[in-house]
Amino acid sequence: MIKLSKLASAVALSAIVASSSLLADTVKIGVQAPITGKYANEGQGIDQFVKLIVNEKNKQGGLLGKKIEVITCDDEAKAQKAAVCAKKLVNAGVFAVIGSYTSGATEAAQTTYYRNKVLQTSDGTSDSLIKRKFWTFFRNSFPNSAQSDFTADYFVNIKKYKKIVVLSDYSSYSEGLGDATEESIKKIGGNVIFRGKIKSGTQNFTAMLTKIKSMNPDVIYYSGYYTDGGLLRAQQKQLGIDADFVGGDSNDNPDFLKLAGSAAEGTVLINFPTPDILPYKEAKKYLKAYEDTYNMKPPSIWAVVNADGLRAIIHGVEKTKSFDTKKISDYLHTLKDFPGITGPVTFREDGERIGAKFIVYEIQKDGSYKVIE
């Protein structure tokens, strides 16, 4: 009995050692994104691009010799679920998280990642994400303030709009971009005749649009998401409101065209360059790989900037030869002109990506985009 007991103990110990060895050969990266819900195609695009980058790295021998495991948590773009995701991913042992898609969901998870020294990179554009000064956070897109200044210049100095309406929903991203755009327009002498807010998901915006129609605006600018932007554009046309419609960056999604229908024609979108016109060597390589792998194009630029956030973190690990997140963070805060898919990636000391480039597109009758500025 004693010999059998010793044998059993030895087997158990061997199993523990083998398990520990296996775990030591694996490193975990999290994806926090809306895999389901109204922004599901964006979240799925982020998840797919992350897995594409990770699969490539694993085929090359992994990260510092360790296989990368991706753990995905669906936050549905909701703050409460985002907070739950953050705890789940921390408990799973990730050292870095890509996401989330929305600023609200990103912000809801930020503190948990910071307290647990887990790196986070997100496309969230809300200026508040950087104001917390968490050393763990890196924005892989560009802030609302950069987009608002570009939009204001386009409205006031290029289009010469005299009567501007600014609409947003109540989310931190949309409200922040709407407020920043209004402020930027006024700062350079533009005239915002109405600043309104809609409840996202309402679907029927005729009351708000009827009110706006009586003001006879030159342009309606919407700083929210494509799920509402497409419906706003369709209902604007139905009500016969003769004004340009300009959408902020989160209106740039194929589903905007579906929701707006024929009214999508003539809509103007302001965003970073779309994936298909990115001129960089890395863009051509990774966009082809994405299409070859998934038989589709990325849903928008957001999947691509998140891929760049992941690539920057991987680069930081390789340069520091460490998974110590503080060492990686310190290195990334000095990163300059890293060759990204979306262009050179440079981070400020507060984790802000700098060097924003925006483009103005007009949606054509066939649904294609024409660069107009």
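Colleague: What should I know before I start?
Modeller: It's a predicted model, where local features need pLDDT of at least 70 and side-chain atom pairs count only at pLDDT 80 or more, while totals for chains, interfaces and linings use all residues. Residues are numbered from 1 along each chain as its sequence is written, and side-chain values use heavy atoms, with hydrogens and water left out.

Colleague: OK, which domains does the assignment give?
Modeller: Domain 1 (26–142 + 278–354) and domain 2 (145–271). Those bounds come from an automatic or database domain assignment.

Colleague: How far apart are the centres of domain 1 and domain 2?
Modeller: Taken over C-alpha atoms, 29 Å. Their contact (heavy atoms within 4.5 Å) takes 16 residues from domain 1 and 15 residues from domain 2.

Colleague: Now pockets. How much space lies in the largest pocket?
Modeller: About 410 Å³. On a 1 Å grid over the protein atoms alone, a pocket is an open set of points where a 1.4 Å probe fits, with protein on both sides within 12 Å along at least five of seven lines, and lining residues have an atom within 4 Å of a point. The volume is the space filled by probe spheres set on the points, which are joined across faces, edges and corners.

Colleague: Which residues lie nearest its centre?
Modeller: Of the 20 lining residues, Thr274, Pro275, Asp276, Lys297 and Tyr369. The elements giving two or more residues to that lining are α10 (254–260), α11 (281–294) and β14 (369–371). Helices (H or I, at least four residues) and strands (E, at least two) are DSSP runs, numbered from the N terminus.

Colleague: Switching topic: at what angle do α12 and α13 pack?
Modeller: Helix α12 (residues 301–320) and helix α13 (residues 325–332) pack at about 110 degrees, with their axes 9 Å apart. Axes are lines fitted to C-alpha atoms, for helices over the stretch in contact, and angles run from 0 to 180 degrees between N-to-C directions. That makes α12 roughly perpendicular to α13, a label for 65 to 115 degrees.

Colleague: Which residues make the contact?
Modeller: Among them are Ala312, Ile313 and His315 of α12, and Ile328 and Tyr331 of α13.

How values were computed
Parallel < 35°, antiparallel > 145°, perpendicular 65-115°, else oblique.
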